Amino acid sequence: MVLINGNYLKLKAGYLFPEIARRVKAFSDANPEAPIIRLGIGDVTEPLPQACRDAMKTAVDEMGSREGFHGYGPEQGYLWLREAIASHDFQARGCQISAEEIFVSDGSKCDSANILDILGEGNRIAVTDPVYPVYVDSNVMAGRTGDADGAGQYGGLTYLPINAENGFTAQLPSEPVDLIYLCFPNNPTGAVASREQLKGWVDYALAHDALILFDAAYEAFIQDPSLPHSIYEIEGARGCAIEFRSFSKNAGFTGTRCALTVVPRGLMGKDANGEAVELWGLWNRRQCTKFNGVSYIVQRGAEAVYCTEGQAQVKALVAFYMENAAIIRSELSAAGLQVFGGEQAPYVWVKTPAGLDSWGFFDQLLQRAHVVGTPGSGFGAAGEGYFRLSAFNSRANVIEAMGRIQAAIAG
Ligand code: MLT
């Protein structure tokens, strides 16, 4: 028989969202009439922006002629999209990021896991707790951790707790680490990092020769103009950080698939002999070997995000979801719950009512309100006692869900 990757056996439960889906399916099989509202997984609900649809339709038609047909595209993405991204998302904010440093992909979830291909074993890794589970599970799968303990924390990882007591701001690691995962605006807590806080991380990384993997998938939801959208807004970050971005949440591409990873030229790691090696070349090599690029049609759709109409439509989408977040915050506060996040991010992080842990509150809401959220403990041991609600849904569903949650808590 073939030998399996035994690291998979170290993984605790199923991946969080399939596990939730499994429980919801069991409930709805038993209660087929229950009108379930899903505020669990952060999947968007509103239609694709018109500008993106128009661009994709045109691209489909182009593909219908011999002259306009596109086969394999560049593994790194078409230059016109990489240039639009570099100019609008980075250079316009004062970040010196060039098109060459942008790698278009089919998702920042995949990229944040795939990046481990170019990083060696033996790196000391820091993650926040709670954390987007992909960062941890992909390290477990790649054999970069020990076993999980009773609380579900893996040996070899440095967990940096973020909670109400520390304002959801992780302290810099007290033990030296080589690789640091940061996500701002944060999934799951909805917290953001100020320029000073990010500078603290960049200074730490530069001082300790560490690499920051910065997940900025939710940057479009930042409302406060003083907050940084990119790690590269911080001086020195080109020398210590890789950034992940996505079209999923701002432009509704969760089903369409388009994202990007920035690997600055001159960002170095070291080989087993201590010789410096540029990470850009390794990631480029990895992508050329294992990835054939995002479809021409989808990249044309993503490019349309940057035209005048596209920008206005994406802004409107973000504003719509942020109004949902404001409704969730105010209705849950009115119900006596303690809420965090949801002001610069599409996630509201809620303290569970007294006497209920994260999965207990999940079950209560599913059974009494037929509303699905995400148990905080699914994001890590320090997420216990919290619960995440996503603002990605229709207005009618959000209002209905809030009414039902209020009734469920009162009852
Ligand atoms: C979430 O709910 O945390 C997101 O959907 C995760 C993702 O974007 O992969």
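**Predicted model with a bound ligand: structural briefing**

Pro188 is placed in the loop between strand 5 and helix 6; helices (DSSP H or I runs of at least four residues) and strands (E runs of at least two) are numbered from the N terminus. This is a predicted model, in which local features require pLDDT of at least 70 and side-chain atom pairs count only at pLDDT 80 or more, whereas totals for chains, interfaces and linings use all residues. Residues are numbered from 1 along each chain as its sequence is written, and side-chain values use heavy atoms, with hydrogens and water left out.

**Overall architecture**

- The secondary structure of the protein consists of 11 helices and 15 strands.
- Along the principal axes, the C-alpha atoms of the protein occupy a box of roughly 60 × 55 × 55 Å.
- Of the 411 residues in the protein, 53% are buried, where buried means under 20% relative accessible area, exposed over 50%, and partly exposed in between (1.4 Å probe, protein chains only).

**Ligand surroundings**

- In the side chain of Asn187, an N or O atom is 2.8 Å from an oxygen atom of the ligand.
- For Lys249, an N or O atom of the side chain is likewise 2.8 Å from an oxygen atom of the ligand.

- Another cis peptide bond runs from Phe184 to Pro185, with omega near -10°.
- Pro185 lies in the loop that connects strand 5 (179-183) and helix 6 (195-208), and Pro188 is in the loop between strand 5 and helix 6 as well.

**Positive phi at non-glycine residues**

- Phe168 is not a glycine, yet its phi is positive, at about 60°.
- The position of Phe168 is in the loop between strand 4 (157-161) and strand 5, and the residue counts as buried because its relative accessibility is 7%.
- Arg257, also not a glycine, has a positive phi of about 75°.
- Arg257 belongs to the loop between strand 7 (241-246) and strand 8 (259-262); with a relative accessible area of 29%, Arg257 is partly exposed.

- Thr261 is part of strand 8 and is buried, since its relative accessible area is 0%.
- The side chains of Thr261 and Asp111 form a polar contact at 2.6 Å.

**Sequence separation and distance in space**

- Ile97 sits in the loop between helix 3 (79-90) and strand 2 (102-105), and its relative accessibility of 1% makes it buried.
- Although 11 residues separate Ile97 and Ala86 in sequence, their C-alpha atoms are 6.0 Å apart in space.
- Cys110 is placed in helix 4 (residues 108-114) and is partly exposed, given a relative accessible area of 25%.
- Between the C-alpha atoms of Cys110 and Gln96 the distance is 25 Å, with the two residues 14 residues apart along the chain.
- Ala142 occupies the loop between helix 5 (133-141) and strand 4; its relative accessible area of 28% places Ala142 in the partly exposed class.
- Ala142 and Asn5 are 137 residues apart along the chain, and their C-alpha atoms are separated by 8.7 Å.

Terms used
A polar contact is a pair of N or O atoms within 3.5 Å; within protein, one must be able to donate a hydrogen and the other to accept it, and residues adjacent in sequence count only if both atoms are side-chain atoms.
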